[in-house]
Amino acid sequence: MLRRRRWIPWLRRLPLKEANSEEREKPKLKLYSYWMSSCAWRVRIALNLKGLDYEYKTVNLLKGDHFSDEFQKLNPLGYVPVLVDEDIVTADSFAIIMYLEEKYPQHSLLPQNLQKRAINYQAANIVASNIQPFQNLAVAKYIEEKLGSDERLSWVQHHIKKGFAALEKLLAEHTGKYATGDEVALADLFLAPQIAGAVKRFNINMAEFPLLEKLNGAYSELPAFQSAEPGKQPDAPDNTKS
Ligand SMILES: N[C@@H](CCC(=O)N[C@@H](CS)C(=O)NCC(=O)O)C(=O)O
């Protein structure tokens, strides 16, 4: 005779319990980063703001780790940063931050106001598309080889100043304590590393860019920004540790 299974109410709770323990065992996020990389720095700020723990994987750009087959499987362009979240691999800081924003919506980086949101996209992309690519290691090295080291510096400075001048105008009517108001948003994650790098690495006089200089002061007081700084990273040389 076929015996009908008795419904045992507590069994219903089992899958939920399993899901919770799986959740706890989830591998941490992995960030492929290099201490000096301004692009990885943007993502480190996003991870900190969202309170996400991650494993730091060093890709030493000066030793050429980014040319290895292993790394190029993660990003065929061979650039840091790359984020691995279980089986999802994302390269490019903008793409990674948008991915984090969707998957981990806590501490949103996108203002509700559409105008502010659009300004955030624009300002972030001025840094990501119209400034940083001109100072990128590979490009700067190429300019130096072709034209010499003086030209390398003036090339980079020219593009930083052009971008900064545009940002000063763009943000003038939107800025508050941070780029587009009194909340930290997407643009700030791109501006902080770019301004700090301009001052420390490329000798830019920020007196020409008072709005950006003021923002830089505000960023330097935020713990999420501080712990993303190059000198705080595990692969930073001892003499740069802060
Ligand atoms: N658009 C990319 C750019 C990535 C990029 O240029 N990364 C730099 C470090 S900031 C890099 O890996 N450079 C290696 C090279 O130039 O060979 C992003 O935002 O992630």
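This is a predicted model: local features need pLDDT of at least 70, side-chain atom pairs count only at pLDDT 80 or more; totals for chains, interfaces and linings use all residues.

Let me begin with the place of the ligand. The ligand sits in the largest pocket. There are 15 residues around the ligand, and those that come nearest are Cys39, Val80, Asp92, Ser93 and Asn136. By type, this shell divides into 7 nonpolar, 6 polar and 2 charged residues.

Which parts of the chain supply the shell? Two domains take part: domain 1, residues 29-106, and domain 2, residues 114-226, each contribute at least three residues. Turning to the helices, H2 (38-49) and H7 (137-147) each provide at least two residues of the shell. Helix H2 gives the most, with 3 residues.

I now come to individual contacts. On the side of the ligand's oxygen atoms, a polar side-chain atom of Arg42 lies 3.1 Å from one oxygen atom, and a backbone N or O atom of Ala138 lies 3.0 Å from an oxygen atom. A nitrogen atom of the ligand, in turn, has a polar side-chain atom of Asp92 at 2.9 Å. How much of the ligand does the protein bury? Taken alone, the ligand exposes 510 Å², and the protein buries 90% of that.

As a general rule, most residues other than glycine have a negative phi, and most peptide bonds are trans. Val80, however, is joined to Pro81 by a cis peptide bond, with omega about 5°. Pro81 belongs to the loop between helix H3 (69-74) and strand E3 (82-85). Asp92 has a positive phi, near 90°, and is placed in the loop between strand E4 (88-91) and helix H4 (93-103).

Thank you for your attention.

How values were computed. Residues are numbered from 1 along each chain as its sequence is written. Side-chain values use heavy atoms; hydrogens and water are left out. A residue is near a molecule or strand if one of its heavy atoms lies within 4 Å of it. A polar contact is a pair of N or O atoms within 3.5 Å; within protein, one must be able to donate a hydrogen and the other to accept it, and residues adjacent in sequence count only if both atoms are side-chain atoms. Accessible areas come from the Shrake-Rupley method with a 1.4 Å probe; for residues, only the protein chains shown count as cover. On a 1 Å grid over the protein atoms alone, a cavity is a set of points where a 1.4 Å probe fits but cannot get out, and a pocket is an open set with protein on both sides within 12 Å along at least five of seven lines; lining residues have an atom within 4 Å of a point. A molecule sits in a cavity or pocket if more than half of its atoms lie within 2 Å of its grid points. Helices (H or I, at least four residues) and strands (E, at least two) are DSSP runs, numbered from the N terminus. Ala, Val, Leu, Ile, Met, Phe, Trp, Tyr, Cys and Pro count as nonpolar, Asp, Glu, Lys and Arg as charged, and the others, Gly among them, as polar. Domain bounds come from an automatic or database domain assignment.
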